Amino acid sequence: MKISLAKYVEEVGQVKAAKALGVHQTAISKAVREGRQIYINKLPSGEVKAFEYRAFPHRSKQNT
């Protein structure tokens with residue numbers, strides 16, 4: 001099942017989302033706030049994986 005990070009956070013909250021993905025809550029907050037295209041896969045085993053769609057080559061805002 002694939003859902004956006006924002007939707008996943010609505011379901012479980014930032015703290016639980018961060019714990020499931022192995023990151024800090026502040027990273028979740030910033031990603032959602034910035035509208036990053038991050039999607040969550042909930043595996044049948046209960047494991048949660050995340051992936052992000054981004055342009056290639058990716059240029060940071062500082063280098064443009």
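Mentor: A salt bridge here is a side-chain nitrogen of Lys or Arg within 4 Å of a carboxyl oxygen of Asp or Glu. The model is predicted, so local features need pLDDT of at least 70 and side-chain atom pairs count only at pLDDT 80 or more, while totals for chains, interfaces and linings use all residues. Residues are numbered from 1 along each chain as its sequence is written, and side-chain values use heavy atoms, with hydrogens and water left out.

By the salt-bridge rule the count comes to three. One of them joins E52 and R36, whose closest N and O atoms are 2.8 Å apart. E52 belongs to strand β3 and R36 to the loop between α3 and β2, so this pair ties together parts 16 residues apart in sequence. Helices (H or I, at least four residues) and strands (E, at least two) are DSSP runs, numbered from the N terminus. E52 is partly exposed at a relative accessible area of 29%, and R36 is partly exposed at 40%. The classes are buried (under 20% relative accessible area), exposed (over 50%) and partly exposed in between, with a 1.4 Å probe and protein chains only.

The side chains of K49 and E47 also meet in a salt bridge, with 3.3 Å from N to O. K49 is partly exposed, its relative accessible area being 42%, and E47 is partly exposed at 40%.

Another salt bridge is that of K42 with E11, at 3.0 Å from N to O. This pair links distant parts of the chain, 31 residues apart: K42 is in strand β2 and E11 in helix α1. K42 counts as partly exposed at 28% relative accessibility, and E11 is partly exposed at 42%.

Next, the strands. The sheet is open and has three strands in the order β1-β2-β3, with antiparallel pairing. Its edges are β1 (2–4) and β3 (48–52); each has a single partner strand, so one side of each is left without a neighbour in the sheet. From one strand to the next the twist averages 30°. Two strands pair if DSSP finds at least two bridges between them; β2 (residues 38–42) and β3 have five, in the antiparallel sense.

The buried residues of α1 are L5, Y8 and V9. They cover an arc of only 100° around the axis, which puts them on the same side of α1; the arc is that of the directions from the helix axis to the C-beta atoms. These buried residues pack against β1, α2, α3 (25–33), β2 and β3.

Helix α1 (residues 5–12) packs with α2 (residues 14–21) at an angle of about 115°, their axes 7 Å apart. Axes are lines fitted to C-alpha atoms, for helices over the stretch in contact, and angles run from 0 to 180 degrees between N-to-C directions. On the α1 side the contact (heavy atoms within 4.5 Å) is made by L5, Y8, V9 and V12, and on the α2 side by Q14, K16, A17, A20 and L21. Following α1 is G13, with a positive phi near 90°.
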